[in-house]
Amino acid sequence: TEVQKTETTTPKETTTKNVTTTAEPTTNAADVFSVSGGVLSEYTGTESNVSIPSKVGSSNITAIGTGAFMGNTDITSVSIPSTVTRIGMEAFSDCTNLRSVSLPSSLESIGVAAFYGCSSLTSVTVPSGTKTISDEAFSYCENLSSVTIPDSVTSISEDAFYGSDNVTIRCSEDSAAYEYAVANSIDFELI
């Protein structure tokens, strides 16, 4: 865009300069989030703090698909919208700089290896309403020290926390999470 800029240098002198400016491009959600049939299948952005939109174009996002963020080392935090009910297989696996994740109350299931190898992740609160934590969902999250699991979770696969040796499961007594922690010799804290 070319704009004429007028400057007054003395009371009788006026100069006119042509100044060229360029507008910064704005990022459209459709440019970095690929969505088909309600499933977010790929994220191509480079932001460190990612807030997944609830809708891209005319598609509501209801699930994070297989490998959608896999291996993305730019991400340090992610916020998942309340429209999402399912996090798919390996959705965030090997996002080694991911330190925090905000899971929505609408979430029903966390897929196989969904957060596998997220070595910077330190704590997770699984929302009430979630029913399933699948195999290796939080495996090899070496710095994961605390996971709060509500009573709504009725199924936790045997190797859900394999290799996450520092984890303490926060749960209520006689819940599926409590039984899982005891059966797998994982530290727990009753809440």
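Let me begin with a definition: a residue counts as buried when its relative accessible area is under 20%. The model I am showing is a predicted one.

I will start with the aromatic rings. There are 10 aromatic pairs in this model. A pair of aromatic rings is described by the distance of the centres and the angle of the planes. Take F69 and F92: the ring centres are 4.7 Å apart and the planes meet at 15°, so this pair is stacked. The cut-off behind that word is an angle under 30 degrees. F69 sits in the loop between β8 and β9, while F92 sits in the loop between β10 and β11, so the pair ties together parts that are 23 residues apart in sequence. By the definition I opened with, F69 and F92 are both buried.

Next, F161 and Y180. Their rings make a tilted pair, with 5.9 Å from centre to centre and 55° between the planes. This pair also links distant parts of the chain: F161 is in the loop between β16 and β17, Y180 is in helix α2, and 19 residues separate them. Both of these residues are buried too.

What do the ring pairs link into a cluster? The members are F33, Y43, F69, F92, F115, F138, F161 and Y180. So both pairs I have described belong to that cluster.

Now the sheet. Four strands make up an open sheet, in the order β13-β15-β17-β18, and they pair in parallel. Which strands stand at the edges? They are β13, residues 123–125, and β18, residues 187–190; each has a single partner strand, so one side of each has no neighbour in the sheet. On average, neighbouring strands here are turned by 15° against each other, ignoring direction.

Inside the sheet, β15, residues 146–148, is joined to β17 by three bridges.

Last, a single residue, S54. It is found in the loop between β5 and β6. Is S54 buried, exposed or partly exposed? Its relative accessible area is 34%, so S54 is partly exposed. Leaving aside neighbours within four places in sequence, S54 is in contact with S59, N60, I61, P81 and T83. The C-alpha atoms of S54 and S82 are separated by 7.2 Å, although the two residues are 28 apart along the chain.

Key: Residues are numbered from 1 along each chain as its sequence is written. This is a predicted model: local features need pLDDT of at least 70, side-chain atom pairs count only at pLDDT 80 or more; totals for chains, interfaces and linings use all residues. Side-chain values use heavy atoms; hydrogens and water are left out. Helices (H or I, at least four residues) and strands (E, at least two) are DSSP runs, numbered from the N terminus. Buried means under 20% relative accessible area, exposed over 50%, partly exposed in between (1.4 Å probe, protein chains only). Contact means heavy atoms within 4.5 Å. Rings of Phe, Tyr and Trp (its six-membered ring) pair if their centres lie within 6.5 Å; planes under 30 degrees apart count as stacked, over 60 as edge-to-face and the rest as tilted. Two strands pair if DSSP finds at least two bridges between them. Axes are lines fitted to C-alpha atoms, for helices over the stretch in contact, and angles run from 0 to 180 degrees between N-to-C directions.
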